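Let's take a friendly walk through a protein structure together. Have a look at the picture, and then read on.

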Amino acid sequence: MREWQYEPSQNLSRSIPEKLTVFPRERDMTQSIVRGFWSLFLRLFLRLYFRLKIMGRENLPRNKGFVIVSNHSSHLDALCLLSALPLHSVNRMFAVAAKDYFFRSFFKSLFSVITVNALPFDREKQQRQSLELCADVLNAAEQGLVMFPEGSRSLNGEIQPFKPGIGLLVTGTNRLVVPACIKGAFEAWAKGNTFPKPKKVTVTIGRPLDFCDLERNKENYRMVTQKVEAAVRGLKERGGQHG
Amino acid sequence: MSWFPGWSDPYYRFFFGFVSSVLIGVSILLIIIKYIPRKQEMAGQIWKSFKPWFIMAPVLLLIVGMPQKVLIIALLFLSIFAVKEFALATGLYEDWGFIAVIYLGLGLLYFSIWVSWYGLFVAMPVYIISVVFMIPIFRNEYKNMIQKVALSTIAVIYLGWFPAHLGFLGHHPQRYAYLLFIIIGTELNDAAAYTFGKFFGKHLLISNISPKKTVEGTLGALLATSAYVIFASRWLPGFRLVPLLLSIVIIWIGGTLGDLVISFVKRDIGIKDMGTLIPGHGGLLDRVDSLLFVSPLYFHMVTYYVKFPGGLS
């Protein structure tokens, strides 16, 4: 009789905080179920409390992974973007989250992993390795990222210049970029405010951008970043015109 | 206290006092041993595995002392976590279809305990395993399916149904005495085997399966278990000589075998521990391995010698 093949999980030898911080994370049924219920609750809450409105949902690519990028001025942003995506994709979409902030303590890590399926992005020491993690996520079928190329929350609600990471990630690849713009999140819950105010929030999703034909070089990375930034700014200026 | 009925039960209070005394006594003993030359390192190792008991023992006493439904829920979670560890270790966890069926089945199994339906409790593994067998058929898939069905069957029976017997024992009016007696006894047996093995262990008991279990440790466990059963005998309603002797046999042999079962599972898979949940012990399965084996043996012994009021139906 042939021997059975066992494949022990890497998680067996990891402590609970380690399981949260390590990436790529192993699929966990309990986490997925909890995240599913949380997403349902979140959608209901955002709709009732912030009167969340989502426009341009038809622009989201189907049966294909993508990076959704938007302006960033509030903790509500990732929650709003994830709520704009189909419910069945919540376990396949990862919000790129600053490791130094969202993975600082056990409870913060747990909350970030459960609520937004956070990918720990080391923006201080290991940016390139973190970008590689992002690329790995996008290489897997139908997986996607929620990204804020500004790097951190805007202090005045205005869009800050995008960092070139997004260009590096998608230039010359078949990874699609979906620009989005969030309006009202800054007024509802700006950086430094303890409690969110019940202000109206709108998410506008633009048409996907494809940069597969471009050569991978520094100049193109910069150009792609600028194009993505322009697309997000365009959505903001057009104020809901997402076509 | 209606939320904590255990405290009004004299048997519960006896075992509560016993556990507290053991925790304090062993702590003092370890402090003394620390000052014996050449024994400091050993005392340190024992202390490392003893320390988690300051959390585990109060949790155990709290769960057993609360209303019986709490015990059922706690055992359901214990089974689910045990299955999860086993599935992670074997790789079965990759297949969520099997895991979902096992979890749902465990839910139904513990539901039969909740409603005190013994007939259903006994029959439930048959139905769960039947559904497990149906998964490959509905998927129209055969590759590796014997392995997955077999692993699921082990999970349902050994990690779900075996410990669930303790939940059913919880329906007995003297549940505090019977449950605390067996849980504490089994853990003491384990701890004694480990401690005696550490101090006097020279000859390996089952060398290929467990490199730590020694003949001396196992004999020490018999000694400790016998002393415990004699000491607790006054606090076990309805237990005469034969059930007391059988208790020693069940705790000693059953506990040792339970430990060895998980040991051979780990060796076959090629891992050291089943997890990291309990520092100094490993995973949950590393801690409750003996109890899994002991639970059904003890349940049937108790229900044979001390009748359930109204019988089991």
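## Before we start

Keep in mind that this is a predicted model.

## The sheet in chain A

Seven of them form an open sheet in the order β1-β7-β6-β2-β5-β3-β4, with mixed pairing. At the edges stand β1 (53-55) and β4 (119-121) of chain A; each has a single partner strand, so one side of each is left without a neighbour in the sheet. From one strand to the next, the twist averages 25°.

Now zoom in on one pair. Strand β6 (residues 176-183) of chain A runs antiparallel to strand β7 (residues 202-205) of chain A, and four bridges join them. For example, Ile182(A) has Val203(A) in β7(A) as its bridge partner.

## Helices packed on the sheet

Helix α3 (residues 76-84) of chain A packs on the sheet, where it touches β1, β2 (66-70), β3 (93-98), β5 (144-147), β6 and β7 of chain A. The direction of α3 makes about 55° with that of β7(A).

Helix α9 (residues 218-238) of chain A also packs on the sheet, touching β2, β6 and β7 of chain A. Its direction makes about 35° with that of β6(A).

## Where chain B meets chain A

How many residues of chain B are in contact with chain A? There are 13, and they contact eleven residues of chain A. On the chain B side, α4 (68-90) and α5 (96-114) each supply at least two residues. The largest share, three residues, comes from α4(B).

What kinds of residues make up the side of chain B that touches chain A? By class, eight are nonpolar, five are polar and none are charged.

Note on methods
Residues are numbered from 1 along each chain as its sequence is written. Chains are lettered from A and ligands numbered from 1 in the order in which they are written. This is a predicted model: local features need pLDDT of at least 70, side-chain atom pairs count only at pLDDT 80 or more; totals for chains, interfaces and linings use all residues. Two residues are in contact if their C-beta atoms, placed from the backbone, lie within 7 Å. Ala, Val, Leu, Ile, Met, Phe, Trp, Tyr, Cys and Pro count as nonpolar, Asp, Glu, Lys and Arg as charged, and the others, Gly among them, as polar. Two strands pair if DSSP finds at least two bridges between them. Axes are lines fitted to C-alpha atoms, for helices over the stretch in contact, and angles run from 0 to 180 degrees between N-to-C directions.
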